[in-house]
Amino acid sequence: MSNTKNSSESRNSRSAPEGAEKDTEERVAENRRPNPMEVLRNARTQLAELIGMAAENVSSFEQTEDGWALEIEVLELPRVPDTMSLMASYQVELDPEGQLTGYRRVRRYERGRADAHRRGGR
């Protein structure tokens with residue numbers, strides 16, 4: 001019976017460090033901030049899921065005091081020819097861990113149209 005107890009204690013003492021090591025790894029993973037590429041991918045995925053439209057590209061990206069701020073271009077209405085498709089720019093805010101905290105549409109435009117530029121202060 002003492003052999004059973006000793007072998008049981010031996011298994012438990014061997015598994016404890018593994019469990020402690022795993023806990024440490026999980027804590028490190030939870031506390032790790034995402035890198036910029038992870039933030040970009042997650043932001044596009046989260047926005048597309050919320051609005052139900054494809055996020056095509058990210059036109060603006062910066063880290064802020066509160067997390068991350070992005071502007072994402074979305075295809076809102078496909079048309080033929082493609083240059084007539086209706087696009088939209090969404091301002092997206094994420095927390096430091098890369099979770100979406102808010103978004104709003106800031107602009108709609110046809111894909112083939114360039115922004116108007118002012119010359120000479122007109």
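**Figure 1. Contacts of Leu47 in the predicted model.** Leaving aside neighbours within four places in sequence, Leu47 is in contact with Gly52, Ile72, Val74, Tyr90, Val92, Leu100 and Tyr103. The model shown is predicted.

**Figure 2. The largest nonpolar core.** This core has 15 residues, and those with the most contacts inside it are Leu47, Leu70, Ile72, Val74, Tyr90, Val92 and Leu94. At least two of the core residues come from each of helix H2 (36-51), strand E2 (67-77) and strand E3 (86-94). The greatest contribution is that of H2, which gives 5 residues.

**Figure 3. Surroundings of Asp95.** Asp95 is placed in the loop between E3 and strand E4 (100-110). Residues up to four places away in sequence not being counted, Asp95 touches Asp66, Gly67, Trp68 and Thr101. Thr64 is 31 residues from Asp95 in sequence, with a C-alpha to C-alpha separation of 9.2 Å in space.

**Figure 4. Polar contacts of the Asp95 side chain with backbone nitrogens.** The side chain of Asp95 reaches the backbone nitrogen of Glu97 at 3.0 Å. A polar atom of the Asp95 side chain also lies 2.8 Å from the backbone nitrogen of Gln99.

**Figure 5. The whole protein, for orientation.** The protein comprises 2 helices and 4 strands, arranged from the N terminus on in the order α-α-β-β-β-β. Of its 122 residues, 25% are buried. Among contacts between residues at least 6 apart in sequence, 39% join residues at least 24 apart. The accessible surface amounts to about 9100 Å², 47% of which belongs to carbon and sulfur atoms.

Key:
Residues are numbered from 1 along each chain as its sequence is written. This is a predicted model: local features need pLDDT of at least 70, side-chain atom pairs count only at pLDDT 80 or more; totals for chains, interfaces and linings use all residues. Side-chain values use heavy atoms; hydrogens and water are left out. Buried means under 20% relative accessible area, exposed over 50%, partly exposed in between (1.4 Å probe, protein chains only). Contact means heavy atoms within 4.5 Å. Accessible areas come from the Shrake-Rupley method with a 1.4 Å probe; for residues, only the protein chains shown count as cover. A nonpolar core is a set of buried Ala, Val, Leu, Ile, Met, Phe, Trp, Tyr and Cys residues joined through side-chain atoms within 4.5 Å. A polar contact is a pair of N or O atoms within 3.5 Å; within protein, one must be able to donate a hydrogen and the other to accept it, and residues adjacent in sequence count only if both atoms are side-chain atoms.
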